[in-house]
Amino acid sequence: MKTDLNQKGVILIVDDTPTNLEMLFDFLGDSGFTVLVAEDGESAIARAEYAPPDLILLDILMPEMDGFETCRRLKGNELTKDIPIIFMTALSDTVDKVKGLNLGAVDYITKPLQHEEVLARIELHLKLRNLTKELQEQNLHLEAEISERKQAEQKIREQAALLDIATDAIILRDWDNIIHYWNQGAEHLYGWQAQEAIGKNANQLLYKPETVSQLQNIHKNLAKSGSWQGELHQITKEGKAIIVASRWTLMRDKDGQPKSILTVNTDITEKKLLESQFLRAQRLESVGTLAGGIAHDLNNILTPILTASQLLQLKYSNIDERSQQLFKTIESNAKRGAALVKQVLHFTRGVEGKRTIVQVNHLFSEIKQIVEETFPKSIELATNIKPDLWAVIGDATNLHQVIMNLVVNARDAMPNGGTLSISAENLFIDQQYARMNLDACVGPYIAITIADTGIGMPTEILDRIFEPFFTTKEIGKGTGLGLSTVRGIIKGFGGFVNVFSQVGKGTEFKVFLPAVEAAVIPLSEDLELLKGNGELVLVVDDEAKILETTKISLETYNYRVITAKDGIEAIALYAQYQDDISIVLMDMMMPLMDGVTTTRTLQKINSQVKIIAVSGLATNDKLMGNAAVKGFLAKPYTTKELLQTLHSVLHQESMSVESEKQWKHGVRGIRV
């Protein structure tokens, strides 16, 4: 262990000549050094290990262990290898000097020793030693700093990787809304790559111009409270409207001034759609309960009025004509009120009319005649009524009312003319279809479709069309009970109705009525004809139940199946198995990456990819003309429709006329 007795340093002198030791001891001591001595190599090594000196003066010519061997052992020892060694020798042979330097010595002093030279060389090498120590310490400090920086950088990389793993969109923008960070979740949600988004104004990139004003109040609140959260309406790169749950956190600079905003956005578009459907059902139920109660009370009021008006006409049959007319007015208006109440009751608890087996074909003949004789000539009628329609159980008059009401509504939606399409077909709803539609049950149905090419309806109106007393018609031109009555009658039949509408393009009502089971022909033989030949199908859908049921259906009929829960996973699987995948079944409405974007990405991987588009919407204009899309399936779909579409695409070079019709009009269901 070294003891620092003097700031100038500790010198170990190794020499077997006592006079040399004594002379150097006195001279160096007087010069301010702490001096240690050793008379042979062994004792020198022991002293140096115990208390390492700052420098060693080492004689070469010594008995038993000479200076060269002593130097070699000192340099080979971890404790003493860094101590500078100066050889003292009377030898002048260059070979010996080179040998000593190769062993690790830093210098030579030739005997007889000159005090000034010895002192100068010692001070020079001690200074070099101190500088070396300082440099080593600085290197160690620098290495520690580099290590810390590398660890910090690694931590930042890990955190960045975690941010990219997150499915939420994480965005950092400055106080002027310029984007500085854009994670992979943001790329998937909005469609903009990081290099496209960074440096852009977030307000211009993510919002429609008319909605930007709502952000001003958010900025004001953020500056005060430091955080904000709520729902925002935004747009993607493709112009698709989305709803996000947004959390904003204000980041300040060292002076406490607003510097940047960290935003975390979660896509809740699908969630809001489901909430809307649920609230709509709740609203209809609540309104129905209220309307039912009012209708009951109105019946109690109208019954005595109607009865009294009839009795008064009998009692005062000889009264003047004007009074008789007043009695008839009371009676007729009481009857109108009763009919209105009856419509409300149809909505609230269905229809309890006479239930018989109804052959519906003749109803369409009557409807067709009425339309051709009474509707404007600017409206073109197109019908596709299958001749072998199954029968239904219910009231023929009520069913006639349903179809007529929908046809009249279609007429009113086309004030400037257009095409009114009426079709009816047999449909067997299997387990695959029933799991996709909560109102459907496994079994035979008749599917009646009434479509127009009229003005269409926006979402806010579509959500309310079945509410009693809700109407978009002018005052005096509608009670708002037509569609609520339609829904009540269909409900009384045990059926359900789906509506699809697009502003400026038209509306389609599809009515499903349970058919008489005795008329159903087993479909197993037909399905056997549509079996696959072991082709590998990639099924892409964000609904786990749909993935499961579709996989089971396809595997039952000799297809191999791999599934992906979103577009990102689909791309990865397709890149891995593209040589084996025969066709892709692609849902169009998915979070993170929708079907349109995924389809275009798959086309870049393989321009010959075959895709069947699947959607719950009636049309898919975005994919019209896309060469990769060979067919269209509308949700919910049956196993037979699924197999027919796959068989058609896999065994034909181009879509059939019927497939093109399905693609353009989004026809739902399957013809049997």
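Cysteine 71 is buried, because its relative accessibility is 0%. Cysteine 441, in contrast, is partly exposed, with a relative accessible area of 47%. Here buried means under 20% relative accessible area, exposed means over 50%, and partly exposed lies in between (1.4 Å probe, protein chains only). The structure holds 0 disulfides, a disulfide being a pair of cysteine sulfur atoms within 2.5 Å.

The model is predicted: local features need pLDDT of at least 70, side-chain atom pairs count only at pLDDT 80 or more, and totals for chains, interfaces and linings use all residues. Residues are numbered from 1 along each chain as its sequence is written, and side-chain values use heavy atoms, with hydrogens and water left out.

**Aromatic rings**

A search of the whole structure finds 6 aromatic pairs. Rings of Phe, Tyr and Trp (its six-membered ring) pair if their centres lie within 6.5 Å; planes under 30 degrees apart count as stacked, over 60 as edge-to-face and the rest as tilted. Helices (H or I, at least four residues) and strands (E, at least two) are DSSP runs, numbered from the N terminus. Phenylalanine 87 counts as buried because its relative accessibility is 0%, and tyrosine 108 is likewise buried, at 8%. The ring centres of tryptophan 182 and tyrosine 190 are 5.5 Å apart with planes at 40 degrees, so this pair is also tilted. Both tryptophan 182 and tyrosine 190 are buried. Phe68, Phe87 and Tyr108 form one aromatic cluster.

Two arginines lie over rings, as listed below. A charge sits over a ring if NZ of Lys or CZ of Arg is within 6 Å of the ring centre and within 35 degrees of the ring normal.

| Arginine | Ring | Distance from ring centre |
|---|---|---|
| Arginine 173 | Tryptophan 248 | 4.3 Å |
| Arginine 411 | Phenylalanine 375 | 5.3 Å |

**Backbone**

Most residues other than glycine have a negative phi, and most peptide bonds are trans. The peptide bond from lysine 111 to proline 112 is cis, with omega near -5 degrees. Proline 112 lies in the loop between β5 and α5.

Glutamate 64 is not a glycine, yet has a positive phi of about 65 degrees. This glutamate 64 is in the loop between β3 (55-59) and α3 (67-76) and counts as exposed, at 88% relative accessibility. Asparagine 177, also not a glycine, has a positive phi of about 70 degrees. The loop between β6 (169-174) and β7 (179-182) holds asparagine 177, which is buried, with a relative accessible area of 9%.

**Surface**

Leu124, Leu128 and Leu131 make a nonpolar surface patch of about 270 Å². Patches are made of residues with over 30% relative accessible area and no salt bridge; like charges are joined within 9 Å, and nonpolar side chains (Val, Leu, Ile, Met, Phe, Trp, Tyr) within 5 Å. A salt bridge is a side-chain nitrogen of Lys or Arg within 4 Å of a carboxyl oxygen of Asp or Glu. Accessible areas come from the Shrake-Rupley method with a 1.4 Å probe; for residues, only the protein chains shown count as cover. Leucine 131 is found in helix α5 (residues 115-165) and counts as partly exposed because its relative accessibility is 47%.
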